[in-house]
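Here is a short walk through one protein chain. Keep the sequence and the 3D view side by side as you read.

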Amino acid sequence: MTMPRTGTTGGMDLAVLEGEVERLSDLEAIYRLRLTYCAFVNESHFDRLPELFTADAQVDFGNELGSHHGRPALAAALTGLDRDMFAKILSHGHVADISGDCAEGHLYIEGRLIVEGESFITLGKVSDRYVRHHDGWLIADSRTTYYYAVPLALGWADEKDVLRPFTSP
């Protein structure tokens, strides 16, 4: 962003500069929030995921984990996953737009999972709404849509299988 200069002094407008620094700091906090989510998944700290969401968050995982409203429901859905599931996810292309104490954004995720003994490769898009709380930014609404989720052994070379829903066979 090009910073405007004031009339005759040639100096930067301090209020504009402060606003831009705040916006960039907020974006960094939101990006780190999602990176923390990925780290919790990759390190099998599923029990810590609810702390990244608002108390009344709406979460749709886009797979058999289902949709959940609120931290208690989310925590219940994630109970035991560290014992039952292997999951590694990578996030790409995270963008967010901030409007006051709210923001909307999306990112793309690649996943490598083992579900019921079978290896899967996944690709999806996560659409989020974030809100600023006294303790920082939290996820208020999250919806995942998978482009594909296929067993690794099958791959996605057979075009009719590319859009398989994410369910174990």
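A residue counts as buried when its relative accessible area is under 20%, as exposed when it is over 50%, and as partly exposed in between. Keep that scale in mind, because the terms buried and exposed return throughout and rest on these cut-offs. One caution comes before the tour: the model is predicted.

Begin with the whole chain. It has three helices and six strands. Read from the N terminus, the order of elements is α-β-β-α-α-β-β-β-β. The chain holds 169 residues, and 36% of them are buried.

Now go to helix α1, which covers residues 14-42. Here Glu 20 forms a salt bridge with Arg 23. The closest N and O atoms of this pair are 2.9 Å apart. Why can the two be set about one helical turn apart? Because Glu 20 and Arg 23 are three residues apart in α1, about one helical turn separates them. Glu 20, at 11% relative accessibility, is buried. Arg 23 is partly exposed, with a relative accessible area of 39%.

Side chains of opposite charge can pair when their charged atoms come close. How many salt bridges does the count give? The count comes to eight. One of them joins Arg 48 and Glu 51, at 2.9 Å from N to O. Arg 48 is partly exposed at 36% relative accessibility. Glu 51 is partly exposed too, at 41%. Another salt bridge links the side chains of Glu 110 and Arg 112, with 3.4 Å from N to O. Glu 110 has 25% relative accessibility and is partly exposed. Arg 112 is also partly exposed, at 38%. Salt bridges can also form a network. Asp 26, Asp 101 and Arg 132 are linked in this way.

Turn next to the cysteines. A disulfide is a covalent bond between the sulfur atoms of two cysteines. How many disulfides are counted here? The count comes to zero. Cys 38 is buried, at 6% relative accessibility. Cys 102, by contrast, is partly exposed, with a relative accessible area of 38%.

Next, look at the backbone in the loops. Ser 44 is not a glycine, yet it has a positive phi of about 60°. Where does Ser 44 lie? Its place is the loop between α1 and β1, the strand of residues 53-60. Ser 44 is partly exposed, at 28% relative accessibility. Glu 116 is another residue with a positive phi, about 50°, although it is not a glycine. Glu 116 is found in the loop between β4 (102-115) and β5 (118-133). Glu 116 is exposed, with a relative accessible area of 69%.

β4 and β5 pair in the antiparallel sense over 14 bridges. Val 115 has Glu 118 of β5 as its bridge partner. The two strands form a hairpin with two residues between them, and there Glu 116 takes its positive phi near 50°.

Follow the chain on from β5. Which strand is joined to β5 by 14 bridges and spans residues 136-151? It is β6, and β5 and β6 run antiparallel. A hairpin joins β5 to β6 through two residues. His 133 has Gly 136 of β6 as its bridge partner.

Finally, go back over a few stops in the 3D view. Then find the exposed Glu 116. Last, trace β5 and its 14 bridges to β4, then its 14 bridges to β6.

Note on methods:
Residues numbered from 1 in each chain as written. Predicted model: local features only at pLDDT ≥ 70, side-chain atom pairs only at ≥ 80, totals over all residues. Heavy atoms only, no water. Salt bridge = Lys/Arg side-chain N within 4 Å of Asp/Glu carboxyl O. Helix = DSSP H or I, 4+ residues; strand = E, 2+ residues; numbered from the N terminus. Buried < 20%, exposed > 50% of the residue type's maximum accessible area, 1.4 Å probe, protein only. Disulfide = S-S within 2.5 Å. Pairing = 2+ DSSP bridges.
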